[in-house]
Amino acid sequence: MTLRVSVIGTGYLGATHAACIASLGFQVIGVDVDPAKIELLAKGKVPFYEPDLEDLLASEISAGRLSFSTDFSAIKDADIHFICVGTPQQANSLAADMRFVNAALDAIAPLAKPGTLIVGKSTVPVGTAARLRERLLKVNPAVDLAWNPEFLREGFAVEDTLRPNRLVVGVTNDAAESKLKELYKSNLDAGTPWIRADLPTAELVKVAANSFLATKISFINAMAEICEAAGGDVTVLAKAIGYDPRIGNRFLQAGIGFGGGCLPKDIRAFMARAGELGAEQALEFLREIDSINLRARARVIELVRKDLSEDLRGKKIAVLGAAFKPDSDDVRDSPALDISAQIQAAGATVVVHDPKAIANAEKRFPALSFNQSIDATLDGADLVLHLTEWKIYREIDPSKVKGLVKNPTIIDGRNALDRDKWIAAGWKFRALGRADLN
Ligand code: UDX
């Protein structure tokens with residue numbers, strides 16, 4: 001008989017995981033405490049923007065393989081239960097807030113059938129899986145717990161879930177591994193690398209991977225600072241070092257740095273956990289990674305101040321991009337919005353455009369102005385900032401929009417625009433980590 005799967009927590013990770021597992025032919029029930037979210041999902045609607053997910057979700061619902069509920073008892077027939085709830089940063093510390101993970105385990109534990117497996121997917125401080133397993137065995141010793149970290153990127157969530165570049169399972173015995181192999185059989189058949197680990201290693205793989213990615217981005221942003229000081233060009237430098245396959249050219253895009261719901265909070269929670277373990281020195285460097293990242297935002301604001309002769313009052317700044325990265329409507333810890341809010345606080349009028357993230361951005365930053373039209377956003381601007389590298393911004397014809405602005409100066413905070421084209425069209429062009437050409 002095919003496995004039945006429950007997914008607890010239907011946010012970004014859970015909704016995607018539920019739809020993708022259903023598409024492999026399994027019967028899936030998604031459960032969440034948020035009735036509004038469940039109501040939307042049950043209708044085949046995704047409460048956030050993620051390419052391909054809505055089509056997949058709708059087709060799995062109509063095929064009868066996927067359903068949603070707010071009632072936890074709906075999970076009782078499942079053979080595998082995935083915990084996909086969030087672990088946000090705590091309000092008053094660097095550490096992760098574990099309330100949702102703990103609550104999910106406590107809800108599943110008494111309901112799970114004997115012989116079934118609970119699998120954590122949320123990003124958690126190392127040691128959580130062993131602690132939860134102990135807690136579970138006290139309530140329901142016939143059920144086991146494993147950890148299976150998720151590496152999906154927003155904007156590529158379906159692709160990353162269906163065709164992951166590796167599968168990592170943290171287990172304490174062969175039976176748990178076999179059950180997960182049954183679920184992921186199609187990936188195994190396709191040759192996806194399978195890594196069996198103990199529980200702490202599986203948890204660590206996720207935070208180590210995100211720390212490495214954050215380090216790569218901050219490394220190139222540190223090089224951007226040096227290029228600025230020495231008159232070099234970080235985009236050329238990145239390209240040149242990236243040809244060394246040991247370095248690689250991905251994640252070397254210098255600019256205003258990383259944001260989103262994962263990298264910033266994960267490196268902070270990792271530092272906090274290392275401290276608890278008495279190993280804080282090992283991750284001291286992540287503090288520097290975090291500072292370099294936040295400094296990139298400050299450096300753009302310095303460029304703005306310089307361009308406007310230190311007086312932002314009464315100036316109109318047009319901002320292209322609100323999402324923390326393109327192809328996403330997620331504005332959690334968005335560098336673009338952080339910069340926009342700081343510029344506004346310094347006295348400027350800031351108008352922000354984004355093709356997908358305006359609704360979310362407005363909720364978090366009601367004092368900023370937003371506009372759905374690029375032309376109206378640029379209209380009368382004293383300065384233009386390019387802060388999220390959506391494709392539509394690369395398609396802007398600089399000579400066509402020059403007439404809209406009051407002053408044709410653009411700061412490319414993502415090093416993604418064609419500098420020569422903008423300069424040829426008569427714009428003053430500024431960027432992080434690149435000497436001024438005009
Ligand atoms: C990240 C990890 O990539 C993913 O594996 C994990 O599961 C969740 O966290 P995500 O948050 O979707 O995924 O975003 P990612 O594509 O990693 O980008 C993170 C941030 O880094 C974005 O703000 C992006 O703009 C920035 N970034 C990325 C750079 O500034 N430069 C780069 O070269 C790459």
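1. Is Lys43 buried or exposed in this structure? In this predicted model, Lys43 has a relative accessible area of 58%. Lys43 is therefore exposed, because that class begins over 50%. The side chain of Lys43 meets that of Glu39 in a salt bridge, with 3.6 Å from N to O.

2. The pairing just described follows a general principle. Side chains of opposite charge can pair when their charged atoms come close. A search of the whole structure finds 35 salt bridges, and the points below consider some of them.

3. Glu60 and Arg65 form a salt bridge through their side chains, at 2.6 Å from N to O. For Arg65 the value is 27%, and Arg65 is accordingly described as partly exposed.

4. A further salt bridge joins the side chains of Asp290 and Arg268, at 2.8 Å from N to O. This pair links distant parts of the chain: Asp290 belongs to helix H12 (residues 284-307) and Arg268 to helix H11 (residues 263-276), and the two residues are 22 residues apart. Asp290 is buried, with a relative accessible area of 11%. Arg268 also counts as buried, at 12% relative accessibility, because the class covers values under 20%.

5. Salt bridges may also share partners. Asp174, Glu177, Lys181 and Arg196 are joined in this way into one network.

6. Which residues come nearest to the ligand? Of the 20 residues around it, these are Phe151, Leu152, Glu154, Gln253 and Phe324. By class, the shell around the ligand consists of ten nonpolar, four polar and six charged residues.

7. At least three of its residues come from domain 1 (4-197), and at least three from domain 2 (198-438). Helix H9 (residues 199-230) gives the most to this shell, with four residues.

8. In the case of Gln253, a polar backbone atom is 2.9 Å from a ligand oxygen. For Leu252 the corresponding distance is 3.3 Å, and for Gly257 it is 3.5 Å. How much of the ligand's accessible area does the protein cover? On its own, the ligand has 670 Å² of accessible area, and the protein covers 92% of it.

Notes:
Residues are numbered from 1 along each chain as its sequence is written. This is a predicted model: local features need pLDDT of at least 70, side-chain atom pairs count only at pLDDT 80 or more; totals for chains, interfaces and linings use all residues. Side-chain values use heavy atoms; hydrogens and water are left out. A residue is near a molecule or strand if one of its heavy atoms lies within 4 Å of it. A polar contact is a pair of N or O atoms within 3.5 Å; within protein, one must be able to donate a hydrogen and the other to accept it, and residues adjacent in sequence count only if both atoms are side-chain atoms. Accessible areas come from the Shrake-Rupley method with a 1.4 Å probe; for residues, only the protein chains shown count as cover. Ala, Val, Leu, Ile, Met, Phe, Trp, Tyr, Cys and Pro count as nonpolar, Asp, Glu, Lys and Arg as charged, and the others, Gly among them, as polar. Domain bounds come from an automatic or database domain assignment. A salt bridge is a side-chain nitrogen of Lys or Arg within 4 Å of a carboxyl oxygen of Asp or Glu. Buried means under 20% relative accessible area, exposed over 50%, partly exposed in between (1.4 Å probe, protein chains only).
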